[in-house]
Amino acid sequence: MSHIADHDQLAFSIKDFCRSISLSKSSFWKLVRNGTAPPMARIGHRLVIRREAAEAWLKEKETV
């Protein structure tokens with residue numbers, strides 16, 4: 001079950017985002033370095049990805 005489909009959750013940790021789309025954390029950080037990762041917000045010392053940003057990013061990646 002994808003965490004991104006959980007509309008009660010407002011934001012995801014990097015770990016939860018990667019787990020929900022079966023992406024390794026090292027691949028995620030490559031996306032960050034390339035400037036192609038979903039937008040993130042800093043909450044205290046944590047980086048999070050808002051659910052809406054994750055959904056928009058995934059939709060942008062759809063090819064068919």
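Visitor: What share of the 64 residues in the protein is buried?

Guide: Buried residues make up 27% of them, where buried means under 20% relative accessible area, exposed means over 50% and partly exposed lies in between, with a 1.4 Å probe and protein chains only. Bear in mind that this is a predicted model, where local features need pLDDT of at least 70, side-chain atom pairs count only at pLDDT 80 or more, and totals for chains, interfaces and linings use all residues. Residues are numbered from 1 along each chain as its sequence is written, and side-chain values use heavy atoms, leaving out hydrogens and water.

Visitor: Why is Ser 22 called exposed?

Guide: Its relative accessibility is 70%, and exposed means over 50%, so Ser 22 counts as exposed. You'll find Ser 22 in the loop between helix H1 (14-20) and helix H2 (25-34); helices here are DSSP runs of H or I with at least four residues, strands are E runs of at least two, and both are numbered from the N terminus.

Visitor: What is the phi of Ser 22 near?

Guide: Phi is near 55°, a positive value in a residue other than glycine. Most residues other than glycine have a negative phi.

Visitor: How do you know that the buried residues of H3 line one face of the helix?

Guide: Arg 51, Ala 53, Ala 54 and Trp 57 are buried in helix H3 (residues 51-61). Seen down the axis of H3, they fall within an arc of 165°, so they line one face; the arc is taken from the directions from the helix axis to the C-beta atoms. On the other side of H3, Lys 59 and Glu 60 are exposed.
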